[in-house]
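Subject: Structure for you to look at

Dear colleague,

I am handing over the structure below, and I would be grateful if you could read the notes that follow it with the coordinates open beside you.

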Amino acid sequence: MAKLYFKYGAMGSSKSAQALITQFNYEELGMKVWLIKPSTDDRDGADIIKSRIGLMRHAQVITPDQNVKEEYHKAGKFDVIIADEAQFLSPEQIDQLRDIVDEENVPVLCFGLRTDFLTNFFPGARRLMELADSITEIKTVCSCGHKATVNARIDGEGRVVTKGSQILIGGNDSYIAMCHKCWKKKIAEQGE
């Protein structure tokens with residue numbers, strides 16, 4: 001029986017690398033993979049999934065107005081679906097992925113962030129936490145050595161940002177993974 005998986009982690013935890021390695025493993029077994037990503041994530045190109053270690057593949061882009069279930073049927077028959085940056089999918093699109101699991105018996109593996117730079121759920125991630133059959137944290141560490149859970153947004157001077165829109169596409173230049181204690185300490189030191 002197929003399942004809906006949510007594999008989440010803080011920035012820098014190798015989520016995209018794991019998504020691409022998972023795709024490779026399925027394809028090596030002769031299985032057909034539908035690799036998708038939301039259009040919100042255009043950091044490395046509209047249809048590119050790229051990891052920090054250099055792995056890269058083309059993916060089908062899903063826009064906010066698209067019905068994932070309809071796009072799946074248009075794309076053809078697949079043995080598995082892998083979605084990177086799944087936090088940017090809408091709750092309705094997560095429901096559609098859930099329907100594919102239930103109705104088509106196709107496993108769906110979603111990789112992404114759980115929370116934003118202020119530790120609030122992304123809507124897509126919240127829905128995945130509610131619906132996924134399997135939830136796995138991909139761990140990474142803070143500079144202090146403790147487990148990182150916060151996606152700290154930083155400015156050009158390395159200051160932790162505490163205001164702004166929920167979504168700002170960026171990599172190591174815009175975010176660092178921190179433990180909650182270091183994040184709060186850094187904000188307090190900044191006088192915010």
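A crossing of two helices is called right-handed if the near helix is turned clockwise from the far one by less than a right angle, and left-handed if it is turned anticlockwise. Please keep in mind throughout that this is a predicted model.

With that convention in hand, helix 3 passes helix 4 in a right-handed crossing. The residues that make this contact are P91, I94, D95 and R98 on the side of helix 3, and P123, G124, R127, L128 and L131 on the side of helix 4. Sorted by class, the contact has five nonpolar residues, three charged ones and one polar one. As for the geometry, the axes of helix 3, which spans residues 91-104, and helix 4, which spans residues 123-131, come within 8 Å and cross at roughly 35 degrees.

If one takes L97 as an example and sets aside residues up to four places away in sequence, L97 touches I36, V68, I81, L89, V108 and C110.

The loop between strand 6 and helix 3 deserves a separate paragraph. D84 is found in this loop, and D84 counts as buried because its relative accessible area is 2%, where the limit is under 20%. Leaving aside neighbours within four places in sequence, D84 is in contact with K15, S16, A19, I36, K37, P38, I49 and F111. E85 is found in the loop between strand 6 and helix 3 as well, and at 9% relative accessibility E85 is likewise classed as buried. Most residues other than glycine have a negative phi. E85, although it is not a glycine, has a positive phi of about 55 degrees.

T119 lies in the loop between strand 7 and helix 4, and with a relative accessible area of 32% T119 is partly exposed. T115 is found in the loop between strand 7 and helix 4 too, but T115 counts as buried, at 8% relative accessibility. Apart from its neighbours within four places in sequence, T115 is in contact with N120, F121, F122, T149 and N151.

One more residue remains to be described, and how exposed is R57? At 34% relative accessibility, R57 counts as partly exposed, and R57 is found in strand 4, residues 56-58. Not counting residues up to four places away in sequence, R57 touches L20, Q23, E27, L35, D47, I48 and I49. With E27, the side chain of R57 makes a polar contact, side chain to side chain, at 3.3 Å. The C-alpha atoms of R57 and I36 are separated by 10 Å, and the two residues lie 21 residues apart along the chain.

How values were computed. Residues numbered from 1 in each chain as written. Predicted model: local features only at pLDDT ≥ 70, side-chain atom pairs only at ≥ 80, totals over all residues. Heavy atoms only, no water. Axes fitted to C-alpha atoms, helices over the stretch in contact; angles between N-to-C directions. Helix = DSSP H or I, 4+ residues; strand = E, 2+ residues; numbered from the N terminus. Contact = heavy atoms within 4.5 Å. Nonpolar A, V, L, I, M, F, W, Y, C, P; charged D, E, K, R; others polar. Buried < 20%, exposed > 50% of the residue type's maximum accessible area, 1.4 Å probe, protein only. Polar contact = N/O pair within 3.5 Å; in protein donor to acceptor, adjacent residues only side chain to side chain.
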